[in-house]
Amino acid sequence: MNHSRRVFFFVLVLVLLAAAPVWAQEAALSLRLDRDFGYGGFSGDIQGTFSFRVKGPETLTEVQFYIDKELVGVDQKAPWRYQFRTDDFALGVHKLYATGRTAGGDVLQSNVLQREFVPAARGWDFAAKVVIPLILLSLLIPMSMFLLGRRRGDRKGAGYGIWGGAVCPKCGYPFARHIWAPNMGLSKFDRCSHCGKWSLVRRASPDELADAEERFYGSPETESELQLSPEEKLRRQIEESRFD
Ligand SMILES: [Zn+2]
């Protein structure tokens, strides 16, 4: 008798332990905030159109959405969601949360999110002060280097485009850096169009490019000769021989 009672309690504890995680999950209502349109800063500043998103147990029948103590919306079917505009509320810090009702009559409480509703101007300020200048800079620097090189009338090392030329560290061939090659600081991780090997290449100076060109194509005088077809060479030799 004593022994079977002990077994009974042991089994009961096991069942409770196994049920505990499911139970805890049942009771939880998890709230997150989605940005549908607008601005969300790093420090919890928000402005624009946002949505409450709630996840809860299957037995949920209703979710109520709150901003501070004010009931702002009710949803009676999944997905549990409520959209609002921050401009419809006072500026400043607000507490956002939700409560849920289950079929069994339980009331569930969600986590609380704290956000600061900021004026529309601050969102634009952030874009104007940080994002737009960054985009412009990343376009302007290579563009101005390209134009500057052209204005100087530098024929040496020209013709490599906006992203400049590079000398392949593997085969020494000069090639134009590609727009799609990822930037790594001042270098790009780029593929040599001659040997096909990948390496980290920085923008080479006009002199370096000219050196590399000469190594590969020879000096400008011999270049025209090398590129002649055999027939043309022969024709030229014949033509030249008339003056001998
Ligand atoms: Zn190469």
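How far apart should the ends of helix α3 be, at 1.5 Å a residue? Keep that in mind as we start the tour. The model in your viewer is a predicted one.

**Stop 1: helix α3**

Select residues 206-217, which make up helix α3. Now pick out L209, A210 and A212, which are buried residues of α3. Turn the view until you look down the axis of α3: its buried residues fall within an arc of 165 degrees, so they line one face of the helix.

**Stop 2: the zinc ion**

Next, click on the zinc ion and show the side chains of C168, C171, C192 and C195. Each of these cysteines coordinates the zinc ion through its SG atom, at 2.2 to 2.4 Å. What is the geometry of the site of the zinc ion? It is tetrahedral, with angles of 105 to 115 degrees among the four donor atoms. For comparison, the ideal angle for four tetrahedral donors is 109.5 degrees.

Follow the chain and you can read the spacing of the donors as C-x2-C-x20-C-x2-C. The site links distant parts of the chain: C168 sits in the loop between β9 (165-167) and β10 (174-176), while C192 sits in the loop between β12 (187-191) and β13 (198-201), 24 residues apart. Are C168 and C192 buried or exposed? Both C168 and C192 are buried.

**Stop 3: a three-stranded sheet**

Now select β11, β12 and β13. These three strands form an open sheet in that order, with antiparallel pairing. β11 (183-184) and β13 are at the edges and have a single partner strand each, so one side of each is left without a neighbour in the sheet. Two bridges join β11 to β12; look for M184, whose bridge partner in β12 is S187.

Then move to L186, in the loop between β11 and β12. L186 counts as exposed because its relative accessibility is 78%, over the 50% cut-off. From L186 to L200 it is 14 residues in sequence and 9.7 Å in space, C-alpha to C-alpha.

**Stop 4**

Select β1 (30-40) and β2 (45-55). They pair in the antiparallel sense over 10 bridges, and G38 has G48 as its bridge partner in β2. Four residues lie between the two strands of this hairpin, and G44 in the turn has a positive phi of about 85 degrees.

**Stop 5: the cores**

Show the side chains of F52, V54, I67, F84 and L96. These residues have the most contacts inside the largest nonpolar core, which has 20 residues. Elements giving two or more residues to this core include β1, β2 and β3 (60-67). A second, separate core has six residues, among them A166, C168, F175 and C192; you met C168 and C192 at the zinc ion.

**Stop 6: two backbone details**

Most residues other than glycine have a negative phi, and most peptide bonds are trans. Now zoom in on D68, in the loop between β3 and β4. D68 is not a glycine, but its phi is positive, near 55 degrees. With 29% relative accessibility, D68 counts as partly exposed.

Finish at P79, in the loop between β4 (70-75) and β5. Which form does the peptide bond from A78 to P79 take, cis or trans? The bond is cis, with omega near -5 degrees.

Terms used
Residues are numbered from 1 along each chain as its sequence is written. This is a predicted model: local features need pLDDT of at least 70, side-chain atom pairs count only at pLDDT 80 or more; totals for chains, interfaces and linings use all residues. Side-chain values use heavy atoms; hydrogens and water are left out. Donors are N, O and S atoms within 2.8 Å of the metal (3.2 Å for Na, K and Ca); water is not among the atoms, so sites may look incomplete. Four donors count as tetrahedral if all angles lie between 85 and 135 degrees; four count as square planar and six as octahedral if opposite donors are over 155 degrees apart and all others between 65 and 115; anything else is irregular. Buried means under 20% relative accessible area, exposed over 50%, partly exposed in between (1.4 Å probe, protein chains only). Two strands pair if DSSP finds at least two bridges between them. A nonpolar core is a set of buried Ala, Val, Leu, Ile, Met, Phe, Trp, Tyr and Cys residues joined through side-chain atoms within 4.5 Å. The expected span of a helix is 1.5 Å times one less than its number of residues. The arc is that of the directions from the helix axis to the C-beta atoms.
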